[in-house]
Amino acid sequence: MAKLLEIEDLHTQFFTSAGTVRAVDGITYNVDEGETVAIVGESGCGKSVGAMSILRLIPWPPGKVVKGSIKFQDKDLLKLSDAEMRKIRGNDIAMIFQEPMTSLNPVLSIGLQLTETLQHHLGMTEKECHARAVELLGMVGISEPDRRLEQYPHHLSGGMRQRVMIAMALACEPKLIIADEPTTALDVTIQAQILELMKELTRKMGVAMIIITHNLGVVARYADRVNVMYAGKIVETGTAEEVYLRPKHPYTLALLKSVPRIDHPRGQKLDPVDGQPPDLARLDDGCPFRPRCRFATDKCETSNPTLEDVGNNHQTACWNNDNLDKEQRAAS
Amino acid sequence: MSAAIDENAVAAGTAELGNTLIDVQGLKMHFPITEGIVMNKVVAQVKAVDGVSFRIQKGETLGLVGESGCGKTTTGRCILQLENPTDGQILYDGVDLNTLNSKQMVPFRQKIQVIFQDPFSSLNPRMKIGEILAEPMKVHKIITDKRARDERVLDLLKVCGLSPRFADRYPHEMSGGQRQRVGIARALAMDPEFIVCDEAVSALDVSIQAQVINLLEDLRDEFGLTYLFISHDLSVVRHICHRVAVMYLGNMVELADCDELFDNPIHPYTKALLEAVPIPDPSVESGRAHKIIKGEIPSPINPPSGCVFHPRCDVAADGCPKVVPEFREVKPGHWVACTEV
């Protein structure tokens, strides 16, 4: 498959009074056409900042992409002018935000918000816009689209609003959709509806998707590939199956052991990692996970591992994954 | 209050009679919607909880699950006497809490504690952690000597896995997980018997959530606590609860032992709910059907007639919109409100 997006050695930093926060600290990954890539990690690991950097939505001051390249269809997005970037946002790359409550404008009707991108990017007339808007709402499963176009966001439920967000993202038939925690604010049955809808529409239209989430179950169900992030870095990457069934990084392993599972009988003890993620303003040269890591050695104190191939299109950034491997094999 | 309690409801959960701690019967909580400033007349009722009955044994953890607006939090608030129920009984060790005045309620306020969802808004930002933990002991005159109280504060911090130096810190200096531990320590300060955990781990990240779940389990074993564990996260509920009740639109639709409910769900809503939860294992996920429940939760102001679930149900029959299904025991200890199963 052709590469759609290539991110290389991306560094995004925030210059605050408390020091320089290295929110994204050198991440490299690709997204192929039509592929769904998940980025998982806990709060503050840089997954959202990484995605916002792609669309150049990091507010300056205090934030800035200080290094790296983001190639989208062979154009480096970081080198484009603001006007050129505006042509890409919402047109070739669309975004779905977490909070459907705050990401829609409360004083504009659904119809107006939905047709804005169509007018701006495709130069459609009002009549064409209306027809397309009705079609889009139908596509995302909203009944009576004509009436809904007149309504305002507060008339709709959370699930409905997220459907409108998806319709807006799909409006210009983008090549890539970035979905930042698209279902976190929703109930589980509605979450399932929305994710099924996103999967169906992206497959049908051949749209690639970057889905950012902290929910490991959502990743297992919908993603082709997974990037696990910790303290601004990708610590493990591979196909969903590889990463879940044969984790090679102590953090991934710990995450998987921390989630209670609905298909496991009660009474099993969870095995969480002690401690907390590090302060991103005070990172040193060592591996940021080492204070919480069972496998840490002296080498981890002084040098930070980079992603290494471990076979099967699977990479991990750990000095001691041989030890982890041994333990895993002994356990099974 | 007697007419509203039906026979079946009273019998719910009778299996382990004898050491029942909490006995909720026919609980209803309707919130009026009023219109007008001068005439202020009631135009409708939000039926947040509409006839719910269950029992909790001593030392047991009962899970209360359901989606937003199903009435699970309101049920918890009624037990805590933070709401004044419209109808029904809440017996705590045989005493009807609804009949007590605020003075008689004081000893029960000590025995019944709560852990809230949001560790950011449930701690007073102007008080140090030490003061937050000491205040309830002072108010309830549990420990009157200041030095003994400070010692107890340090004990509580230790029990909840926090360093003693946190006693001199303010909530904003702590992370979400640490704050939630403070919330737990504050509940423990009163030597409670019963704790309502209202989405106590929902706001936390996966690795921190697991730490707090383990802490709650350890404390339960150590102090013989009884929990009402309110959550929308079914995986967490399966992990921590002995028995589980599923609510939908103010009604209880299913109640059973934890493993029984998750392995053999009977009510169509429970089935749909379990089907919707993604499992963090691609090899399991690829083999699942992913059948999706249609529609959204109706408004509790004007709930559907008969069985409230019938508009979204795939086994609904002609009778469902007309008859309110009775909550019946289909297997020992397994209660369901559905006529079609």
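## Exercises on chain B

In this predicted model, four strands of chain B form an open sheet, ordered β2-β1-β4-β5, with antiparallel pairing.

**Exercise 1.** Find which strands are the edge strands of the sheet.

*Solution.* Look for strands that pair on one side only. These are β2 (41–57) and β5 (95–96) of chain B. Next, take the pairing that holds β5(B). Its partner is β4 (residues 87–92) of chain B, antiparallel over 2 bridges. Within β5(B), B:D96 stands opposite B:L91.

**Exercise 2.** Determine what helix α2 (residues 72–79) of chain B touches on the sheet, and at what angle its direction lies to that of β1(B).

*Solution.* List the contacts. α2(B) packs on the sheet and touches β1 (20–35), β2 and β4 of chain B. Then compare directions: α2(B) makes about 115 degrees with β1(B).

**Exercise 3.** Identify the buried residues of helix α4 (residues 129–139) of chain B and the helices they pack against.

*Solution.* Pick out the buried positions: B:I129, B:I132, B:L133, B:A134 and B:M137. Follow their packing. The buried residues of α4(B) pack against α5 (146–159) and α6 (176–188) of chain B. Finally, step past the helix end. Just after α4(B), B:K141 has a positive phi of about 50 degrees.

How values were computed. Residues numbered from 1 in each chain as written. Chains lettered and ligands numbered in written order. Predicted model: local features only at pLDDT ≥ 70, side-chain atom pairs only at ≥ 80, totals over all residues. Buried ≥ 20, exposed ≤ 12 C-beta atoms within 10 Å, placed from the backbone. Contact = placed C-beta atoms within 7 Å. Pairing = 2+ DSSP bridges. Axes fitted to C-alpha atoms, helices over the stretch in contact; angles between N-to-C directions.
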